[in-house]
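Here's a quick briefing to read next to the model. Have the viewer open and follow along.

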Amino acid sequence: MRRLESGFDELVIEADRGERQYWYDLWRYRELFHILAWRDLAVRYKQTVIGVAWALIRPVVMMAVFTVLFGRIGKFPSEGAAPYAILVFAAILPWQFFSAALSESSNSLVSNVNLISKIYFPRLIVPAASIITSFVDLLISFAILVAMMAWYKYWPDWRILSLPLFMALAFGVAIGAGLWLCTLTVEYRDFRFIVPFIVQFGLYVSPVGFSSSVVPEQWRLLYSLNPMVGVIDGFRWAILKGDAPLYWPGLLVSIALTLILCLSGIWYFRKMERTFADVI
């Protein structure tokens, strides 16, 4: 749009300008991002009796089950002087965020079919807003961690300052996998049934109920091909004040895989984005 000498506005349509302006449009439509994130958060706990308390109950129940099964019955070792319940909860925090973000983001485009088919805006806003909703639950769950540490009189040290870095890594895994799955769900609705299986299977192959140190040394690097292994180990290293040693080769593998997942997810999402309105 530009102003002519006559005082009228002239609309100029340039080839490929929309592509070049896409990332700038993400900033321009930031208010829509806020609206969608707030809407998803409100809808999640709408007409519930205890509301946001569900964000506290779910990780507590999950922690209790894993502590009994792996700590009491399975006799899996903890890390150093860390109580087994805190060891488990330090892993539940990133895993619950990842699993909820993956489930929400994979269906985000299909759930907003009316919005996507009628108006223009950068579609990347939709899965990103759904992941922010799960991130809010993660922040709420930290209240339980503080209460547990007060109960066990077990407090973190300076390593807790690195926790935002591992939270960013968890966010990267979630957005990368979420972009792949939400795009595939638009193209192939079978993925609505595949995603719950992926989440359930991932829970068993991730070190949530046990320490990854129980994995034999010769398999540790291969085990780290699951990017959530590095995320969970990082959370434990930051929270358990060094009682859980950090496996650096595995962490570097997780970081590399997260970068690949994010970049490839954005590439595939952008490649298919122009067809969403036609096939959704």
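Predicted model: local features only at pLDDT ≥ 70, side-chain atom pairs only at ≥ 80, totals over all residues.

Residues are numbered from 1 along each chain as its sequence is written, and side-chain values use heavy atoms, with hydrogens and water left out. The protein chain has 14 helices and 2 strands; these are DSSP runs numbered from the N terminus, with helices being H or I of at least four residues and strands being E of at least two.

**Overall layout**

- Taken along the principal axes, the C-alpha atoms of the protein chain fill a box of roughly 80 × 45 × 40 Å.
- The protein chain has 280 residues, and 48% of them count as buried. Buried means under 20% relative accessible area, exposed means over 50%, and partly exposed is in between (1.4 Å probe, protein chains only).
- Take the contacts (heavy atoms within 4.5 Å) between residues at least 6 apart in sequence: 79% of them join residues at least 24 apart.

**The nonpolar core**

- A nonpolar core here is a set of buried Ala, Val, Leu, Ile, Met, Phe, Trp, Tyr and Cys residues joined through side-chain atoms within 4.5 Å.
- The largest one has 79 residues, and Leu-109, Phe-235 and Ile-239 have the most contacts inside it. Helix α5 (residues 84-106) gives this core its largest share, 15 residues.

**Helix packing**

- Two packed helices are described by the angle between their axes and the distance between the axes. Axes are lines fitted to C-alpha atoms, for helices over the stretch in contact, and angles run from 0 to 180 degrees between N-to-C directions.
- For the labels, angles under 35 degrees count as roughly parallel, over 145 as roughly antiparallel, 65 to 115 as roughly perpendicular and the rest as oblique. A crossing is left-handed if the near helix is turned anticlockwise from the far one by less than a right angle, and right-handed if clockwise.
- For residue classes, Ala, Val, Leu, Ile, Met, Phe, Trp, Tyr, Cys and Pro count as nonpolar, Asp, Glu, Lys and Arg as charged, and the others, Gly among them, as polar.
- **α3 with α8:** Helix α3 (residues 30-44) packs on helix α8 (residues 125-152) at about 50°, with the axes 8 Å apart, so α3 is oblique to α8. The crossing of α3 past α8 is right-handed. Among the residues that meet are Leu-32, Phe-33 and Asp-40 from α3 and Ile-125, Ala-128 and Asp-137 from α8. This α3 and α8 contact divides into 11 nonpolar, 3 polar and 3 charged residues.
- **α9 with α12:** The axes of α9 and helix α12 (residues 227-239) come within 9 Å and cross at roughly 160°, which means α9 is roughly antiparallel to α12. α9 passes α12 in a left-handed crossing. By class, the contact of α9 with α12 has 13 nonpolar residues, 1 polar and no charged.
- **α12 with α13:** Here the axes come within 8 Å and cross at roughly 125°, so α12 and α13 are oblique to each other. Pro-227, Val-229 and Gly-230 of α12 make the contact with Leu-251, Ser-254 and Thr-258 of α13. That contact of α12 with α13 splits into 3 nonpolar, 3 polar and no charged residues.

**Positive phi**

- Lys-75 isn't a glycine, but has a positive phi of about 60°. Lys-75 sits in the loop between α4 (54-73) and α5 and is exposed, with a relative accessible area of 64%.
- Lys-153 also isn't a glycine, and its phi is positive, near 55°. Look for Lys-153 in the loop between α8 and α9 (163-187); Lys-153 is exposed at 70% relative accessible area.

- Glu-273 is in helix α13 (residues 248-273) and counts as buried because its relative accessibility is 8%. Setting aside neighbours within four places in sequence, Glu-273 is in contact with Tyr-22, Phe-121, Pro-122, Arg-123 and Leu-124.
- Val-205 lies in helix α10 (residues 191-205) and counts as partly exposed at 30% relative accessibility. Not counting residues up to four places away in sequence, Val-205 touches Tyr-223 and Asn-226.
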